[in-house]
Amino acid sequence: MFVFEKEQYIYNIGNTRIGGTRGENPTVLAGTIFYSEHKIVENPKTGVFNQEKAEELINAQDEMSEATGIPSLVHIFSESERAIRKYIDFVAGITDAPIIIDSTNASVRIIGLEHAEEVGVQDRCIYNSINLSITDEELQRLKDIQHECAIVLAFNPQDPSISGKRAVLENGIGELDKGLLSLSEELGVTKPLIDTAVTAMGAGAGSAAAFTFVSKILYGHPVGSGIHNGPSSWSWLKKFKKKNRMAYKSCDVASSLIVQVLGADYILYGPISSAPEVFPIVAMGEVFAAEAAKQEFGLEPVDGHPFTKLL
C-alpha cells in the first residue's frame with residue numbers, strides 16, 4: 001500500500017523470508033506454545049507436557065500456513081532450563097518453521113540458544129530478546145555465541161512514545177550507554193527484528209502500533225510486535241467478555257490487522273490455538289496490500305503469496 005525511501009531489508013531465517021516492502025513478502029505469524037498456564041503443560045519446571053496435543057497445535061498452524069500462504073514461526077516460552085531443551089527438541093522435530101526462543105529468565109534463553117546450536121537448529125532460531133534489562137552475564141554469553149538473529153525490543157519504561165522508543169534503539173537510556181541496535185550489532189546480530197513493544201491500551205499501545213510504520217521509515221529492518229497484548233489487557237473488554245465472549249475473541253484476532261496495515265513484517269499473535277482464526281484475517285490483509293503494491297507500484301509478490309494463492 002506504500003513504499004519507503006529507506007531500503008527494506010529481507011532476512012532469511014531457516015526457510016522463511018521476513019521483511020521487505022508491503023505486498024512483496026507476506027507478514028509472518030508466530031503462535032505461542034508452552035506459555036505460562038498453557039493447559040498442555042503438566043510441569044513447567046521439568047518440561048512435561050501433552051505431546052499429542054502440542055503436535056496437534058503445531059500441525060494446525062502449519063496447515064493454516066500452507067492453506068493461506070502466510071509463513072509461520074513457533075514461539076516457544078519456557079520457565080526453566082530443563083524445559084527449554086525439551087521444547088526445542090520437540091518443536092524442531094515436528095515442524096520446519098523457525099523457532100522463537102523466549103523466557104522471562106535470561107539464563108533460560110541463553111541455555112535454549114546454546115542447545116539449539118548443539119543440536120544444529122540455530123539457523124532457524126530467533127532469540128527473544130535484546131532489551132533494556134540485559135545483564136552483563138547475558139551480554140557476555142551472547143558475545144560468545146554470536147547468534148545472527150534476535151528480536152530487539154523497543155521498550156522504554158520511562159517513555160512509551162515514539163521518541164522514547166527511538167531513544168532506546170538509537171541512544172540507550174538509563175545505565176545503557178548505547179542504543180540497542182548498535183549493541184545488537186556488537187553481539188553478532190546481523191538479522192535484527194525490531195519489536196515495537198506493545199503495552200496496555202491507554203498506556204502506550206497506540207504509539208507502539210504507530211511505531212511500526214515509523215520503524216520501517218527509519219531503519220528498514222523487519223518490524224513486528226505482540227499486538228494482541230493491547231486488547232488482552234483492555235479492562236473494558238475483559239468485563240464485556242463475560243457477556244459476549246465472541247467480542248473478546250474478535251478484538252484479539254482482528255488486532256493483527258492494525259499493525260499489518262501499518263507495515264508489520266511479523267506478528268506474535270498469541271496462543272497458537274488461535275491459528276485457524278488469525279491466518280485467514282492476515283491473509284485477507286495481504287491480498288489487499290499485494291494488490292495495491294502491484295497496481296500502484298508494479299511490485300510483484302513472491303511465489304506462494306496469498307495474493308496469487310487465494311485468488
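This is a predicted model: local features need pLDDT of at least 70, side-chain atom pairs count only at pLDDT 80 or more; totals for chains, interfaces and linings use all residues.
**Stop one: strand β3.** Start by selecting residues 28–33, which make up β3. Six of the six residues here are buried. In a regular strand, side chains alternate between the two faces of the sheet. Colour Val28, Ala30 and Thr32 for one side of β3, then Leu29, Gly31 and Ile33 for the other; both faces are covered.

**Stop two: the partners of β3.** To find your place, look for Val28 and its bridge partner in β12, Tyr266. Next, show residues 72–77: this is β6, also parallel to β3 and joined to it by five bridges. Here Ile33 stands opposite Ile76.

**Stop three: Ser225.** Is Ser225 buried or exposed? Its relative accessibility is 1%, so Ser225 counts as buried. Beyond its neighbours within four places in sequence, Ser225 has contacts that include Tyr266, Ile267 and Leu268, as well as Asp195, Thr196, Val198 and Val259.

**Stop four: helices α2 and α3.** Finally, select residues 81–94 (α2) and 106–118 (α3), whose axes come within 9 Å and cross at roughly 40°. The two helices are therefore oblique to each other, and their crossing is right-handed. Show side chains for Glu81, Ile84, Arg85, Ile88 and Asp89 in α2, which meet Ser107, Val108, Ile111, Gly112 and His115 in α3. Coloured by type, the residues of this contact come out as four nonpolar, three polar and three charged.

Notes
Residues are numbered from 1 along each chain as its sequence is written. Side-chain values use heavy atoms; hydrogens and water are left out. Axes are lines fitted to C-alpha atoms, for helices over the stretch in contact, and angles run from 0 to 180 degrees between N-to-C directions. Helices (H or I, at least four residues) and strands (E, at least two) are DSSP runs, numbered from the N terminus. Angles under 35 degrees count as roughly parallel, over 145 as roughly antiparallel, 65 to 115 as roughly perpendicular and the rest as oblique. A crossing is left-handed if the near helix is turned anticlockwise from the far one by less than a right angle, and right-handed if clockwise. Contact means heavy atoms within 4.5 Å. Ala, Val, Leu, Ile, Met, Phe, Trp, Tyr, Cys and Pro count as nonpolar, Asp, Glu, Lys and Arg as charged, and the others, Gly among them, as polar. Buried means under 20% relative accessible area, exposed over 50%, partly exposed in between (1.4 Å probe, protein chains only). Two strands pair if DSSP finds at least two bridges between them.
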